[in-house]
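Below is a guided walk through one protein model, meant for someone who has not seen it before. Please keep the view open while reading.

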Amino acid sequence: MQEIKVEMISREVIKPSCPTPHHLRCFDLSLLDQLQPENYISVVIFYSNNPCDLPHFKAVDISHRLKTSLSETLRRFYPLAGRVKNNVSIECNDAGVDYLEARVNCHLSDILEQRPEQKMLYHFLPKVTEPMDQPSLEPLVLVQASFFECGGLAIGVCVSHKVADAATTSMFTNSWASAALAASGEAVLPPEFSAASRIPPRHKLPPLAMSLANETTVSRRYVFDAPKIDALKTKAASANVLQPTRVEAVSSLIWKCAITVSRSKRKFLLPSRLTQVVNIRERLTPPFPKNTFGNLVWFYSRETTDNEIQLHRLVTELRKGKEAFSEDYASKLSGDETFSVDSQDIKHLSSLFASEGNTDHILISSWCRYPLYEADFGLGKPTWVTMGNNLMFKNSIFLMDTRDGSGIEAWITLSEEDMALFEQDKDLLGFASSNPTVHD
C-alpha cells in the first residue's frame with residue numbers, strides 16, 4: 001500500500017449558533033474536573049461511502065452540514081465553546097472550537113484492510129496549535145473531517161479532559177450527529193449541568209496531578225469477538241460470580257496476563273494491583289442524571305498476592321471492588337468530604353504509576369456501552385470507531401465496543417520489554433485476535 005498522506009485543506013473556528021446569554025457566561029468546573037490532566041480525550045470515527053445509507057443529503061453537502069450542525073450543537077453544549085480560566089471555571093465567551101478539513105490520498109478500504117497502528121490514526125486527529133500550558137488560549141474541542149477518495153469519511157474528535165470524560169465525549173458526539181441528521185437538531189437529550197453544584201471546585205487547589213514514569217511504551221490493539229467472550233465468561237465464572245460481565249472477564253484476563261509477564265521477570269512475588277475507572281453518575285446517592293456534563297468518573301483498586309493466578313479469583317476481586325466502591329463512595333463523593341477522599345486516592349495512584357515501587361500496577365478504563373457506533377451524521381452508522389492516542393500511558397488499558405456491540409476492542413500500552421512478553425501469552429491469544437483488519 002502507498003504511504004498515507006493527509007493534506008489539510010482548511011482550518012476554521014466554529015462558534016455557537018446563538019450567543020451564550022450573559023447569566024451563563026461563567027461555568028464552574030467541578031472538583032473532579034479540576035483534578036484531570038491537561039490533555040484531550042480523542043476518538044476517530046470512520047464512515048464508508050454507502051449510497052443506500054444517504055437518504056438525507058448528498059456527499060457534497062457533508063462539509064456544510066457538519067459545520068452548521070456543530071455550531072447548533074455548541075449552542076446546547078455552550079461551555080465547550082469557551083476557555084478554561086484558572087482551573088476553576090470556564091469563561092463561556094463563545095471563542096469557538098477548531099474545525100479542520102483534510103483530503104486523504106487513498107480509499108477508506110485501504111485503511112480498513114490493513115492492520116491499524118496508532119501512528120496511522122495520528123493522521124485523522126486534529127493537531128493543537130496553541131501551547132498546552134496556556135489553558136486560556138486552548139480550544140476545548142478540536143474536530144477534523146478527513147475525506148477519502150472513495151467518498152468515505154473519518155471524523156476525529158478531541159475534547160479537553162478538563163471538561164469531559166468518555167461519557168460526555170460520547171454525548172457531545174452523538175448530539176452533533178443527531179443535529180446533522182435531523183432538521184431541528186433536538187433529537188438527543190440536552191446536557192445537564194449540575195456537577196459543580198454537588199462537587200464544587202476549590203479555589204486554592206494544591207498540586208495533585210499524576211506524574212507518570214518516563215519510559216518508552218508500545219501500544220497494541222486486541223479484539224475479543226462475541227463467541228470468544230462467551231467462552232471466556234464461562235471460564236471466569238465461579239460460585240462467587242456466576243455471570244461475569246464482558247468487561248469483568250476481559251479485564252481479568254488482561255490482568256492475569258500482566259501478572260504473568262511481571263512474574264516471569266522476577267524471582268520474587270510482588271503484589272499486583274488493578275485500578276478500574278468508574279462512571280459514578282448512577283452510583284452516587286442521589287444519582288446524577290445519565291446526561292450530566294463533565295468529569296463524573298473516579299476509580300477503585302484491587303490487589304492480589306496469590307501464588308497461583310486463577311482467572312475466576314481475579315473476576316471475584318473486581319466484582320468485590322465494584323460493590324465496595326458503590327457502598328463506600330456513594331455519599332463521600334459529594335460536598336465537603338470530596339476533596340479529602342479524592343486527594344488521598346490520587347496521591348496513592350500517582351505513587352503507583354510514578355515509581356518502580358513494590359507493587360505491579362495496571363489501569364483499565366472501559367468505554368463499552370457508550371453509543372459511539374450510533375453516531376450517524378447522514379452517512380449511516382460508523383464502520384469503525386477507535387481510540388485516539390492521547391490518554392495512552394504505560395500500563396494503561398482502554399476497552400471499547402466492537403461494531404456489533406457484543407465484542408470488545410482493547411488498546412493496551414506497556415513498556416517495550418513487557419509488551420514483548422505480553423503479546424506471546426497463550427491465554428491471551430486463545431481469546432483475542434492481535435490487531436485484526438477492520439471488516440467493512
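A charge counts as sitting over a ring if NZ of Lys or CZ of Arg is within 6 Å of the ring centre and within 35 degrees of the ring normal. In this predicted model, Arg198 meets that description, lying over the face of Phe288 at 4.1 Å from the ring centre.

The overall picture comes next. The protein has 440 residues, and 56% of them count as buried. Its secondary structure comprises 12 helices and 16 strands. When contacts between residues at least 6 apart in sequence are considered, 80% join residues at least 24 apart.

The mean pLDDT is 88, and 85% of the residues reach 70 or more. Helix H7, residues 226–236, has the highest confidence at 98, whereas helix H10, residues 337–354, has the lowest, at a mean of 62. Over residues 52–57 the pLDDT stays under 50, and the model has 12 contacts beyond four places in sequence for this stretch. Where pLDDT is low, the predicted coordinates should not be read in detail.

How many aromatic pairs does the count come to? The count is 17 aromatic pairs. One of them joins Phe77 and Phe293, a tilted pair with 6.4 Å centre to centre and 55° between the planes. Phe77 lies in the loop between helix H2 (62–76) and strand S4 (83–85), and Phe293 lies in the loop between strand S10 (272–279) and strand S11 (297–304), so this pair ties together parts that are 216 residues apart in sequence. Phe77 counts as buried because its relative accessibility is 0%, under the 20% cut-off. Phe293 counts as buried too, because its relative accessibility is 3%.

Another tilted aromatic pair is formed by Phe124 and Phe148, at 5.7 Å centre to centre and with 35° between the planes. This pair also links distant parts of the chain, 24 residues apart: Phe124 is in the loop between helix H4 (118–121) and strand S7 (141–147), and Phe148 is in the loop between S7 and strand S8 (153–160). Phe124 is buried, with a relative accessible area of 0%, and Phe148 is buried with 5%.

Some ring pairs join up into a cluster. Its members are Phe27, Tyr47, Phe77, Tyr78, Phe172, Trp176, Phe193, Phe293 and Phe377. The pair of Phe77 and Phe293 described above therefore belongs to this cluster, in which rings are linked by pairs.

The backbone has a few details to look at. The peptide bond from Thr285 to Pro286 is cis, with omega near -5°. Pro286 is in the loop between S10 and S11, the loop that also holds Phe293.

Asn86, with a phi of about 60°, is found in the loop between S4 and strand S5 (89–91). Asp94 likewise has a phi of about 60°, and its place is the loop between S5 and strand S6 (97–104). Which of these is buried and which is exposed? Asn86 counts as exposed because its relative accessibility is 66%, over the 50% cut-off. Asp94, at 11% relative accessibility, counts as buried.

Note on methods. Residues numbered from 1 in each chain as written. Predicted model: local features only at pLDDT ≥ 70, side-chain atom pairs only at ≥ 80, totals over all residues. Heavy atoms only, no water. Helix = DSSP H or I, 4+ residues; strand = E, 2+ residues; numbered from the N terminus. Buried < 20%, exposed > 50% of the residue type's maximum accessible area, 1.4 Å probe, protein only. Contact = heavy atoms within 4.5 Å. pLDDT = per-residue confidence, 0-100. Phe/Tyr/Trp six-rings, centres within 6.5 Å; stacked < 30°, edge-to-face > 60°.
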